[in-house]
Amino acid sequence: MGESFTVQISSNLVRKLLEDGEKVKKKTRKPKPRISQEPQAKPLSDDSLSVQGPPIGWPVQPPLYVPPPPPHKTLNPELDGVRSVLQESEKVVERLQKQEENMLQEVTQRAKDLHDKEFKLPNRKPMPCLDEKDACLKCYKEHIKDPLKCAQLVKGFADCARTVRQQQVSAATN
């Protein structure tokens, strides 16, 4: 259970990990990995699999990191063409959205102006004979059993209404 094991990393494995499936344009010379002066590793057995990590004193290799290719450099010119068309399309969409917003504001303003002009309420004239009418209603409420006591007020309201009617007729004919 306490048996230790060693792992050797070949230069081919390092190269494959660095390339990560990409084609290498020119081969570079890789330094040979350090070979430990320890005796050859024993074949792995079930007992050696339960050992946690390398034995103390061995240098720990950092994980290999392969940066992704820069986004502006692609190997496929067709993909670059599609990207440029997509960018132009996005610019056109932005311009159209701005134009739509401007037109919407203009149409809204014009509709508001037309509505204000067309549906403008005329200057309301005060209702004629309003005081006489209120006096008649008040009298009827006070004299529910004897409405004839309000005859004078009703006659005054009728005279006022007749006078206003005559004024409107004469104003319409002029």
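**Cysteines and a helix pair**

C136 counts as buried because its relative accessibility is 7%, below the limit of 20%. The model under discussion is predicted. C136 takes part in no disulfide, and the nearest cysteine sulfur, belonging to C150, lies 7.3 Å away.

Other cysteines are bonded, and the structure contains 2 disulfides. One of them connects C129 with C160, with an S to S distance of 1.8 Å. This pair links distant parts of the chain, 31 residues apart: C129 belongs to the loop between α2 (77–118) and α3, whereas C160 belongs to helix α4. Both C129 and C160 are buried, and their link is left-handed, with -95 degrees about the S-S bond.

The sulfur atoms of C139 and C150 are 1.8 Å apart and form a disulfide. Here C139 is in helix α3 and C150 is in the loop between α3 and α4, 11 residues apart. C139 and C150 are both buried. When the bonded cysteines are numbered in sequence order, the pairing reads 1-4, 2-3.

The helices themselves may now be considered. The axes of α3 (residues 130–142) and α4 (residues 151–173) come within 9 Å and cross at roughly 155 degrees. Angles over 145 degrees count as roughly antiparallel, and α3 and α4 are therefore roughly antiparallel to each other. The crossing of α3 past α4 is left-handed. On the α3 side, the contact involves E132, K133, A135, C136, C139 and Y140, and on the α4 side L153, V154, G156, F157 and C160. These contact residues comprise 8 nonpolar, 1 polar and 2 charged.

Conventions: Residues numbered from 1 in each chain as written. Predicted model: local features only at pLDDT ≥ 70, side-chain atom pairs only at ≥ 80, totals over all residues. Heavy atoms only, no water. Axes fitted to C-alpha atoms, helices over the stretch in contact; angles between N-to-C directions. Helix = DSSP H or I, 4+ residues; strand = E, 2+ residues; numbered from the N terminus. Parallel < 35°, antiparallel > 145°, perpendicular 65-115°, else oblique. Left-handed = near helix turned anticlockwise from the far one by under 90°. Contact = heavy atoms within 4.5 Å. Nonpolar A, V, L, I, M, F, W, Y, C, P; charged D, E, K, R; others polar. Disulfide = S-S within 2.5 Å. Buried < 20%, exposed > 50% of the residue type's maximum accessible area, 1.4 Å probe, protein only.
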